[in-house]
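Work through the exercises below with the sequence and the structure side by side, and try each task before reading its solution.

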Amino acid sequence: MDPFEPPPSSADAPGSTDDRAGRRRGPTGARGRRRAHPADPAGQGLPGRQPGYGPPGGPAGSDRPARHGRPGAQPGYDQHPFFDQQPSPELGGAPELGGAPEFGGALEYAPHPGYAQMPGRTPQAQPSGQGGGSRKKRRRRGSAAERAREPRGHWVLMALGSLALITLLLLDGFANGAVGESPKHEPKGEPAPAPAAVTSGGPVVNMAGGTPHSLRTPPKTIALTFDDGPDPKWTPRLLDVLKRHNAKATFFSIGAHIAQQPALTKRMLAEGNEIGSHTYTHVDMATAPAWRNKLELDLTQRALAGAAGKHTRLLRMPYSSVPDGLTNPEWLAAERAGRDGYLLVLTDRDTEDWQKPGVDKIVQSALAAEKNGQGAIVMLHDAGGDRTETIAAVEQVIVKLQARGYQFTTVTQAMGLPPAEVPATASEKAIGWTLVTAQRAASSLTGWMRILFVIAGVLAALRLAVLLVFAHVHRQRARRTQLPEVLRLSNGPPSAREAIGAPSGRAVAPSVTVIVPAYNEEAGIAATVRSLLDTDYPGPFEVIVVDDGSSDRTSEIVEGLALPGVQLIRKPNGGKPDALNVGIAASHGEFLVLVDGDTVFQRDTIRHLVAPLVTDPSVGAVSGNTKVANRKGLLGKWQHLEYVIGFNLDRRMFDLARCMPTIPGAIGAFRRRTLVSVGGVPTDTLAEDTDLTMAINRGGWRVVYSEHALAWTEAPNSLRQLWRQRYRWCYGTLQAMWKHRGALVERGPFGRRCLLYLTAFQVVLPLFAPAVDLFAVFGLAFMDPVAPITMWALFALAQVAAGGYALWLDGEKLRPLWTMPLQQIVYRQLLYLVVVQSVVTALLGTRLRWHTIRRTGTFSDSGLGLGGGPDPDPGPGPRAGIAAP
């Protein structure tokens, strides 16, 4: 199974101290003023725009361009708590500082004094002299409220559901694990025979009173007996033959089959036939322990009571045959059953029809000694395989012997005994009905699980094949693509870059602004900023770091670097999208690069990242190639493989299909007017990068993938941190998919290609994946293990091969591939549970706060050109051998 692969968002996106209404607030419970849009310094709204994110001519509050004729939100969107994340004001709202700061300076964003009085806002009471309480206390209160409201009960329901699923699978496995005629389990050595009084007697043994009494069939009387049924295909055809010739028979039925075919069981009795016990699962009573034999017989009686309201006195032990073939272990088992009131029925003529010897051979065995007019109990089978020969032979035997005066009746009628069936009590019927219902549910569940297992396997295999084909095509296209002349290093060394807006007498590359939202990023912000400045981009260039109310030393570290071309903006905590919008409003570049505060670029990253924007005016945004830097340990290697094999292979396909769903928060480039056309970074979902990318697609822009634009990011280093990150990703992706569901009926490839793909492979299949995996384990235990083992092995080999190809495409080493089988056992199961939690949270309308990820400072001592020792597993770049144009 291919697992859920959420679109990579920021691993360490700026957090927020959210209240339970889903609003991201600053340390005093109020928002800071936004910086004005360059074209709207007064903050009154751009010409032709309504207040909010609506573009010229768009409807009020819309985040979609009016020229496309569709609103930015679906009807009812604002009323559903699933999306109750307070949107930011429009791109703008400036601090009254009397003009723009000097390049490289810092801005302080003060809380708006009238914020609490704004429409729709409730003033927050603050204890006197405390300024709203300490950040630590507020965070503790918020966390407690979050835990109190985050859904928990579904885990109990899921546990109970899993227990019910396991119980039903075990019941079906118990019922069908050994059903049908099969070689007898002989003990070592030749077992002793049964007592002579039994082996030399008749085929019916009555053990009442402790002394066995044998009975023989009267002359001219045939008791046809059928074992292993009832079977939905063959038993009705046998009943038709018997009814057509006015013959009766005795069916020694498997209890599990009785439970699965209650209507057929009733028909057998209604047409004058009788039913005997053949145990519940066709167990070998000679080798099974006494408790198992008793359980088998009791379950069969309960199944018969639930299906037909009857009990039976007859028993034929599986693997038994004629009296002189009865062994002492079989006799001991029969003797124990006799003490419980069972009448043991063996056979006079064993046709061995289960071996399919041919119709003539079966007829010959059934007619043996008929010339002497002897009666007989004839053993046949109505289940356990193809019974075409049996049905044909039965009709010939009945026709021939009836013509000679033989009668065909049941065992008890032939022996002159009381009827085999006795009525069951009301309580026994109720218990039996429960068993029948559970067994039928288990059988139906197993059938559907088989279908689901096959569908999931086929879809995963097809997806893997399609991804590899698209990856190959994308690689060929990328190899033919050259950097535009204006971005070649021959156009001028990095030291020759002009400041943005400075006059230049020669053609230069378009201006670029890199925006870094940062919340408590002291562990890695210095490495991030240094890597951004250490670029070979030949055009005007600036870096804006937006400190989103950090409580650590993030701002002090950036200021302490004192690097030219770096601007620091401080603002109260409002969440990552709000910080990005503040940075966008303060930017000057034609192209905007949005970078997480824990991400490190290579020197040529920005050149490759903006190249598609330079060469193709229809491209509105570019996704870079995100790499996991902290790959040590199994968890790091698993995430590294997921990024390379899952995320980046998907992006190659999405690029060619023109339906890219996500530009990762770690690295993405945007055309300024593209961001303006969609109203900036949306603030009403937790996966703002996915939401933004979908809006850009719907706006008619192309979104492409640049495999040579490399960014190194720090991934979660614990399962708890991974859970928090992926929970936010998945929940936010669901929000974005629901928000943009209107794309399904719009023109263009995005909605029908992307949203349907995400629904199938990132929502539906992961929801069913745990059950499919459980069924695979069930198959190993109770079914032919060759099929599931073979399928799993082939799929694992295919995944490893695809993983090797993906690593080769990215210039990565193949060494981590050995962890892929383990990844399916642990890592993927965690991601499946993330999807379950996210879907339940969304369906219940529970608001989810921003989950921040604790940073460990991976880049402070890494070998990525930032000091420290060498990286033991270097990624792409010259050392890894990746080719770049």
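## Exercise 1: strands and their partners

Strand S20 (residues 600-601) pairs with S23 in the antiparallel sense, over two bridges. The model is a predicted one, and the tasks that follow should be read with this in mind.

Solution: Finally, consider the cover of strand S23 (residues 702-713), where twelve of its twelve residues are buried, and the strand is accordingly described as mostly covered.

## Exercise 2: a strand with two faces

Task: Determine which strands pair with S22, and how many of the residues of strand S22 (residues 667-671) are buried.

Solution: The first step is to list the partners. Strand S19 (residues 591-595) pairs with S22 in the antiparallel sense over five bridges, and Leu 592 has Phe 670 of S22 as its bridge partner. Strand S21 (residues 619-628) also runs antiparallel to S22, joined by three bridges, with Ser 623 and Gly 668 as bridge partners.

Since five of the five residues are buried, S22 is largely enclosed by the rest of the structure.

## Exercise 3: nonpolar cores and a surface patch

Task: Find which residues have the most contacts inside the largest nonpolar core, and which residues form a nonpolar patch on the surface.

Solution: The largest nonpolar core has 58 residues, and those with the most contacts inside it are Phe 670, Leu 692, Met 694, Ile 696, Phe 750 and Tyr 757. Apart from this core lies another, of 42 residues, including Ile 222, Tyr 280, Val 363 and Val 394. In soluble globular proteins, nonpolar side chains tend to be buried together.

For the surface, look at Trp 448, Ile 451, Val 454, Ile 455, Val 458, Leu 459 and Leu 462, which form a nonpolar patch with about 650 Å² of accessible area together. One of these residues, Leu 462, is found in helix H12 (residues 426-480).

## Exercise 4: backbone details in loops

Task: Decide whether Tyr 319 is buried or exposed, and state what the phi of Lys 356 is.

Solution: Most residues other than glycine have a negative phi, and most peptide bonds are trans. Tyr 319, in the loop between S10 and H8, has a positive phi of about 70 degrees although it is not a glycine. Because its relative accessible area is 14%, below the 20% cut-off, Tyr 319 is buried.

Lys 356 has a phi near 55 degrees, again a positive value in a residue other than glycine, and lies in the loop between strand S12 (349-350) and helix H9 (359-366). With a relative accessible area of 44%, Lys 356 is partly exposed.

The remaining step concerns a peptide bond: the one from Gly 229 to Pro 230 is cis, with omega near -5 degrees, and Pro 230 lies in the loop between strand S6 (221-227) and helix H4 (234-244).

Technical notes: Residues are numbered from 1 along each chain as its sequence is written. This is a predicted model: local features need pLDDT of at least 70, side-chain atom pairs count only at pLDDT 80 or more; totals for chains, interfaces and linings use all residues. Side-chain values use heavy atoms; hydrogens and water are left out. Helices (H or I, at least four residues) and strands (E, at least two) are DSSP runs, numbered from the N terminus. Buried means under 20% relative accessible area, exposed over 50%, partly exposed in between (1.4 Å probe, protein chains only). A nonpolar core is a set of buried Ala, Val, Leu, Ile, Met, Phe, Trp, Tyr and Cys residues joined through side-chain atoms within 4.5 Å. Two strands pair if DSSP finds at least two bridges between them. Patches are made of residues with over 30% relative accessible area and no salt bridge: like charges are joined within 9 Å, nonpolar side chains (Val, Leu, Ile, Met, Phe, Trp, Tyr) within 5 Å. Accessible areas come from the Shrake-Rupley method with a 1.4 Å probe; for residues, only the protein chains shown count as cover. A salt bridge is a side-chain nitrogen of Lys or Arg within 4 Å of a carboxyl oxygen of Asp or Glu.
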